[in-house]
Amino acid sequence: MAEAGLTSTDFERIEQSAAIQAITRPSLSYWQDAWIRLKDNRRALYSLYLIIALLMFTIAGPWVWRIDPGAQDVDQISQPPGTDRKATVVEPFVPWDGTTLIDTGTGLRLAPPATTQAVRIQWDPLTSTGTYRVYRNIFPLGEERAFGLPLAEVSGSDGLYFEDRLDLRPGTYHYAVVVLDEFGGPGERFETLEVELTRVITVYEALAKGLVASTNDIRIGDEVKLALHPFGTDYLGRDMLARLMAGAGVSLFIGIFAPFLYVLLGVVYGATAGFIGGRTDQGLMRFADFVVALPFLLFMILFKIVFGIGPGESGIMPMLLALVILAWPATARLVRGQILQIREEGYISACRLLGAKTTYLVVRHMIPNTMGVILVTLTFAVPSAIFTEAFLSFIGMGVAPPTPSWGSMCNEGLKTMLTYPHELVFPALFISITVLAFNLLGDGLRDALDARMRSRE
């Protein structure tokens, strides 16, 4: 120090307690650390919230939206969301004799008003003798001469008029009156008429539907609003929102309960095979390979026969049983591989030296250490089961009408896909969202439960 020009007075003594700063991190358990990393994964976290919302939609939804999913609203059949629900109050229906016409024009004429209660048309003779056929279409008549739906055949001697009351809905209709040729087919002479229909309702119908409290609260000419259907109605006038809630109960019951059972079976089977090892392990796994080779649809058909379920009846129990019996080998293989790895760890050997029994080792040490893999497997198994139920119901092997499920609703909506797409879009959208949410959550859980990715901060 002397050579450097420094002495002991040039240094200041610092107490050790003031120099040391404790750098610590909170002690986290395996599950606490996994939850922190799961929250950092926004896609997985939002998927978890979405799954919780779907469960609330299934469980609490029917308590809030108290509409019978099987109740039919014949005044609103196949109505998309946001449809005008106004209806004008009119007198009760009185049959028409074809003599009263306000419009005194020529050709094919309309007797106003044209409403959903009745459409009344009359026409002048198009030929001296012959028979006429009345058609109705929702599209204008084109060059292809597609007249539409045949409603009736009218003889010229019976009076040239017709009253249409067949499944009338608000909108535009195109009527055609065609002279039949000698072979009974549409001839060359015809008349067309475009008619705009308005929705009407009688006083007693409004009272029966609960739209008014008493007949004193409503008069002819007033407007009332029909029942609200936020997601529209299907081809029978049933509320789509109520049916989606009821269908969610069926789809999620199969999609969650069945995977829980066959994953549990696979865990027990795989843990037993992996821990015992040897010939027992080989024999058990060869049986699992045999189960994998069994055809699922064939067993589904056999179980429906055993349960006595005929065509058009819902096969929920056969589907559940087929999934539980045939879907467990994948989980068993995965758990067996984990057990084979864990049983060679040092702490397992130490427990054996201390006299731990096999059951204790499996239940206390091995299965908890594979819980992360089991949860991820269960999360990925749920969307697979939901899609299986939807597919089987779509082809008529699963849930059958009138019992709603998302798959059976897609099957029904396919028939009206071009004209009323909402009947197919909503159940298909719920299936897609649910499957996507469970897949994203499973992907996030796989990363969060990986012990090698534990936080080191």
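Two strands are taken to pair if DSSP finds at least two bridges between them. Helices (H or I, at least four residues) and strands (E, at least two) are DSSP runs, numbered from the N terminus. The model is a predicted one, in which local features need pLDDT of at least 70 and side-chain atom pairs count only at pLDDT 80 or more, while totals for chains, interfaces and linings use all residues. Residues are numbered from 1 along each chain as its sequence is written, and side-chain values use heavy atoms, with hydrogens and water left out.

Strand β7 covers residues 171-180 and strand β8 residues 186-197; they run antiparallel and are joined by nine bridges. Within this pairing, Y173 has V195 of β8 as its bridge partner.

A further set of strands forms an open sheet of three, ordered β9-β1-β10, with mixed pairing. Its edge strands, each pairing on one side only, are β9 (200-202) and β10 (223-225). On average, and with direction ignored, neighbouring strands of this sheet are turned by 45° against each other; axes here are lines fitted to C-alpha atoms, for helices over the stretch in contact, and angles run from 0 to 180 degrees between N-to-C directions. Strand β1 (residues 86-90) runs antiparallel to β10, and three bridges join them. Strands of a sheet pair through backbone hydrogen bonds, either parallel or antiparallel.

The loop between β1 and β2 (109-111) contains D97. Because its relative accessibility is 46%, D97 counts as partly exposed (buried means under 20% relative accessible area, exposed over 50%, partly exposed in between, with a 1.4 Å probe and protein chains only). D97 lies 66 residues from E163 in sequence, yet their C-alpha atoms are 8.9 Å apart in space.

Turning to the helices, the axes of α6 (residues 240-276) and α9 (residues 316-326) come within 8 Å and cross at roughly 30°. In their contact (heavy atoms within 4.5 Å), residues of α6 including F253, F257 and L261 meet residues of α9, among them M319, L320 and L323. The contact comprises 13 nonpolar residues, no polar and no charged ones, where Ala, Val, Leu, Ile, Met, Phe, Trp, Tyr, Cys and Pro count as nonpolar, Asp, Glu, Lys and Arg as charged, and the others, Gly among them, as polar.
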